[in-house]
Amino acid sequence: MYIIVVGGGKVGYHLTKALLADGHEILVIERDRRKCDLISDELGGVVMHGDGCEASNLADAGTARADMIIAVTGDDEDNMVVCQVAKAKFQVPRAIARINNPKNEAIFKRLGIDETVSSTQVIMERIQMGMPTHPLLHLLDVRAHGLEVVEFRVPAGARSVGRRLRDIILPLHSVIPLIISPSKGPVVPTGETIIEADSEVMAVTRTESEDQLRLLFTEAR
Amino acid sequence: MNGSAADPDAVRLACELAHDSNAKVYAMYVIEVKRSLPLDADLAQETARGELVLADAERLANTLNCDIETELLQAREVGPAIVDLAHERRADVLVMGIIYKRKFGEFTIGETVPYVLKNAPCQVCLTRQPESA
Amino acid sequence: MRVLIMGCGRVGSTLAVDLDRDGHEVTVLDLNAAQFKRLPAGFRGVSVVGNGIDQDTLRRAGIESADAFAAVTQGDNRNLMASQIAKHIFRVPRVVCRIYDPIREELYRGMGLETVSPTLVISGLLKASIERE
């Protein structure tokens with residue numbers, strides 16, 4: 001498939017990396033020259049420098065032959081315009097927009113962009129599922145205090161699979177409030193909870209421990 | 001190789017370097033494919049041009065008694081393609097020739113050379129034509 | 001008429017003052033309260049601080065009872081999104097949208113939005129005055 005990713009920030013970069021690994025042809029369109037250079041140094045010739053909202057840039061990018069366009073900039077209005085222009089002018093079969101403000105999801109649907117992804121929404125839903133009484137406001141507070149709410153999937157070959165949560169030594173100031181396992185669905189885990197492959201693990205951790213925590217659960221045996 | 005007047009200098013330099021260390025020379029020509037076309041698009045005209053350029057390089061190398069192999073590639077961007085091939089062939093040295101070029105009245109080196117200088121896994125030799133050439 | 005104007009820059013504020021002088025009920029919306037300094041002391045309209053692509057802000061600015069909506073911020077995409085919210089979600093009878101980029105302007109006009117491209121208007125005016133004897 002030929003997939004165009006508009007926006008080469010954190011989300012765009014990781015998305016591109018994953019899609020390339022799946023064997024797709026990818027092009028990232030990014031406005032910031034420095035971000036372009038960073039991606040190009042690491043991933044090679046998959047970047048175009050320019051504004052992905054400009055129809056002329058989309059034409060140069062070969063949008064007319066794209067199977068999919070994914071707009072993941074940090075501005076909802078830009079993501080909306082990218083998807084609308086791609087659909088109306090270039091007849092791209094699938095246009096997916098990242099939504100930063102969850103309130104915009106309904107608006108995007110009404111304006112003909114039916115595939116949207118909102119990370120804020122996903123995390124909030126998970127939290128609501130696991131802790132129905134927990135005030136959502138805390139989510140906004142955590143960042144300012146050097147904490148991150150993160151989630152990741154446990155791959156089948158991971159070292160953590162089959163172990164009890166109590167046997168996994170977490171980094172300081174980290175908690176696992178929610179695990180969504182394929183067999184039990186969402187559970188608030190105890191020390192006795194056994195980690196299953198393909199579980200989604202949600203964690204609250206200090207920013208600097210994020211990678212360490214992720215590795216504990218995802219690193220291969 | 002890119003078909004510029006600097007190509008013969010690059011071939012000569014590569015052959016000299018190879019001769020001293022008994023190494024092999026690969027001459028590569030990259031066809032840049034526009035994003036509006038698939039990467040494996042059939043580009044007859046560009047292919048013919050690339051083949052000509054590589055044939056010239058081969059002829060020159062032969063007169064210098066140098067073992068040469070040629071490679072014609074299609075890629076989106078020249079810089080990353082060169083770097084990839086250098087990895088693949090485990091090249092010890094990349095040799096590039098450039099002409100003296102001005103754009104908007106200023107000397108310019110383009111995008112490919114800086115990319116290769118920054119990202120190549122090996123030594124890079126650059127030979128620039130005299131300004132008048 | 002009740003008119004809601006998003007963006008209190010040079011154009012937005014001039015438009016607001018003009019409409020106010022003609023006896024319309026004007027509300028001006030801008031992210032930056034400092035922009036309201038452009039409105040003169042005699043301005044009878046209402047000014048609201050907030051983001052025009054947020055439905056709640058638009059409601060607070062009275063979009064549900066507005067007869068007309070004008071999007072004149074500096075950002076083409078912001079104007080496009082707000083205009084579409086006004087037209088398709090709040091069903092404002094009259095919606096006009098400023099778009100600098102002529103290509104985007106043409107495209108969205110084709111999609112049924114009422115648009116003005118200052119780029120085209122001004123270059124047209126300049127051309128006319130240059131060609132005038």
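Two residues are in contact here if their C-beta atoms, placed from the backbone, lie within 7 Å. With that in hand, let's walk through this predicted model.

**Chain A**

Among contacts in chain A between residues at least 6 apart in sequence, 59% join residues at least 24 apart. The chain carries 8 helices and 10 strands, and 33% of its 221 residues count as buried.

**The nonpolar cores**

Which residues touch the most other members of the largest nonpolar core? They are I69(A) and I5(C), within a set of 68 residues. Helix α4 of chain A (residues 76–90) provides the largest share of this core, 6 residues. Leaving aside residues up to four places away in sequence, I5(C) touches G12(C), L15(C), A16(C), V26(C), V28(C), L29(C), A70(C) and V72(C). There is also a second, separate core of 29 residues, and V11(B), C15(B), V78(B) and A91(B) are among them.

**Where chain C meets chain A**

Here, 17 residues of chain C are in contact with 16 residues of chain A. On the chain C side, α3 (76–89) and α4 (102–110) each supply at least two residues. Which element gives the most to this side? It is α3(C), with 8 residues.

The table below sorts the side of chain C that touches chain A by residue class.

| Class, side of chain C that touches chain A | Number |
|---|---|
| Nonpolar | 8 residues |
| Polar | 5 residues |

Terms used
Residues numbered from 1 in each chain as written. Chains lettered and ligands numbered in written order. Predicted model: local features only at pLDDT ≥ 70, side-chain atom pairs only at ≥ 80, totals over all residues. Helix = DSSP H or I, 4+ residues; strand = E, 2+ residues; numbered from the N terminus. Buried ≥ 20, exposed ≤ 12 C-beta atoms within 10 Å, placed from the backbone. Core = buried A, V, L, I, M, F, W, Y, C linked by C-beta atoms within 7 Å. Nonpolar A, V, L, I, M, F, W, Y, C, P; charged D, E, K, R; others polar.
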